[in-house]
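I am opening this notebook to record what I looked up, in the order in which I looked it up. The structure comes first, and my entries follow.

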Amino acid sequence: MKNLESWGKYPKIKNKKFIFRDNEELKNFLLENKEFISYGNGRSYGDSALNENIIYCKNYNYFLDFDEKNGILHCQSGVMVSEILEIFVPKGWFLKITAGTKLITIGGAIASDIHGKNHHIEGCFSECVEEFNLMLPNGIIKNCKKDDELFLATCGGMGLTGIILDAKISLKKISSKNIEQTTIKTKNLQETFDAFEKYKDIPYSVAWIDCLATEENIGKCLLMVGDFSDDRDLNYQKKKNLNIPFNFPTFALNRLSVKIFNWLYYSKAPNGTSKQKVDIDTFFYPLDSINNWNRIYGKNGFTQYQFILPKEKSYEGLKKILNEISISGMGSFLAVLKLYGEENQNYLSFPIKGYSLALDFKIQDGLFELLDKLDEIVLQYDGRIYLTKDVRVKKKIFEQNYPKIDRFRELRKKYKMDKKFNSLQSKRVKI
Ligand SMILES: Cc1cc2nc3c(=O)[nH]c(=O)nc-3n(C[C@H](O)[C@H](O)[C@H](O)COP(=O)(O)OP(=O)(O)OC[C@H]3O[C@@H](n4cnc5c(N)ncnc54)[C@H](O)[C@@H]3O)c2cc1C
């Protein structure tokens, strides 16, 4: 059987996959076996869902109930966001929080406490989670509600507290499948920050940064902001996608190809500000339109480096980091900048009030040395690294800016979770 991989296809590890149909089967499996990690749809980039033994949750995917009056959906953890959209968008409902891909499970969304383009206004996924059921190492099922210690540890806890079985999540009302989008083209980082500030009351925003730009152009971007239209068009249908059928040769992606892509993308957009109506898929999930797009990085795979800096230090820190990347020449096709609101109470959720940048890099010689250098800058500016994207951060770097890490470790010990649930990542950063 084919080994399960992460989205970054790095590292590769031999693994055994366990599929369960009901709680009893899962409980027996837990009691009879030693160590595993849960796996949703493998859209995390690094090694947080990898181990030799994997509990595959995607087939545990029934819809259980929908409370139409309050918009509360109850479903099993293997249900995918894409499946929710297909059923609920035509009825005028959408997820309050959604990531840059709809190809994730509800279990994965809770375990990473994912965020979207509206964190500065609506926070992380856990804000819309009313409650969930969690199977602990001894097979006992605990119902977890907001403010319970198991809730705070599991949302953002990267599958290390148990197996999320089912959850109640609140949806939001929409009257269209379309977004009224405004695109703003900026010439440098200061203009980019000014634009984010100017549009900060618009619910959704995201900027694509040209990370190969140099000197006075460092930080130039296309900032996309928007909100749902009120045109009453709820005709949402699944589209046919393009597919990348095989891994590209590793030389295909180099400094020149990234430069050409960035130049084309940036120069295609009109100067100043432009407006457009686009649908949910185009606005929220542009990359999902190409199946297996991770193959363009070749068989050695890639990683995403995502960090966040406190707001008052973001400008200076980002300028330093973009400068380092520009000097290194290891350009990234995707460099996505987002604005974040207040931090929540969860022990390991990533967001703090500030700006975060996410960059994709092909695995190549010298990359990890560059990322070690960037880690130092992130720490110097009191930032942190996002675990669901990470594959290489060192324990010492990781734990410095997650101040609730000790509470998380204590809770793992108390419930003996540290003996049962582990990933390559949890062993690397010792959580
Ligand atoms: C194109 C793209 C865009 C993305 N954009 C964003 C973004 O905007 N914001 C963001 O926050 N993330 C983003 N991500 C990351 C992605 O949303 C998260 O990694 C998410 O957790 C993946 O969900 P999954 O179902 O694929 O889980 P997996 O990748 O399989 O697992 C992720 C983590 O969840 C745990 N887990 C999975 N299921 C369960 C369960 N039932 N019980 C307990 N633990 C479980 C795993 O152990 C692992 O630690 C993006 C990823 C891609 C590929």
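**Entry 1, the cores.** I began with the largest nonpolar core, which has 122 residues, and I noted that those with the most contacts inside it are F94, F125, F132 and F307. A nonpolar core here is a set of buried Ala, Val, Leu, Ile, Met, Phe, Trp, Tyr and Cys residues joined through side-chain atoms within 4.5 Å, where buried means under 20% relative accessible area, exposed over 50% and partly exposed in between, with a 1.4 Å probe and protein chains only. The largest share of this core, seven residues, comes from α10. Apart from this core I found another, of eight residues, among them I244, I296, F302 and L334.

Residues are numbered from 1 along each chain as its sequence is written, and side-chain values use heavy atoms, with hydrogens and water left out. The mean pLDDT (the predictor's confidence in each residue, from 0 to 100) is 94 for the protein, and 96% of its residues reach 70 or more. Where pLDDT is low, the predicted coordinates should not be read in detail.

Helices (H or I, at least four residues) and strands (E, at least two) are DSSP runs, numbered from the N terminus. I looked up α10, residues 367-380, and found that its 14 residues reach 20 Å from the first C-alpha to the last, close to the 20 Å expected at 1.5 Å a residue, that span being 1.5 Å times one less than the number of residues. Its buried residues are L367, L370, L371, L374, D375, I377, V378 and L379, and what covers them includes β16, α9, β18, β19 and α11. V378 is also among the residues in contact (heavy atoms within 4.5 Å) with F307, when neighbours within four places in sequence are left aside.

Six of the seven residues of β7 (129-135) are buried. Two strands pair if DSSP finds at least two bridges between them; β7 pairs with β9 (163-173) in the antiparallel sense over six bridges, and V129 stands opposite I169. Five bridges join β7 to β8 (141-145), also antiparallel, with K145 as the bridge partner of E131.

In α12 (405-414) I listed I405, F408, R409, L411 and R412 as buried. Seen down the helix axis, these buried residues fall within an arc of 160 degrees, so they line one face of α12; the arc is that of the directions from the axis to the C-beta atoms. On the other side, E410, K413 and K414 are exposed.

Most residues other than glycine have a negative phi, and most peptide bonds are trans. I therefore noted the exceptions with that rule in mind. A cis peptide bond joins Y10 and P11, with omega about 0 degrees. D147, in the loop between β8 and α5, has a positive phi near 80 degrees and counts as exposed at 65% relative accessibility. D382, in the loop between α10 and β19, has a positive phi of about 60 degrees and counts as partly exposed at 35%.
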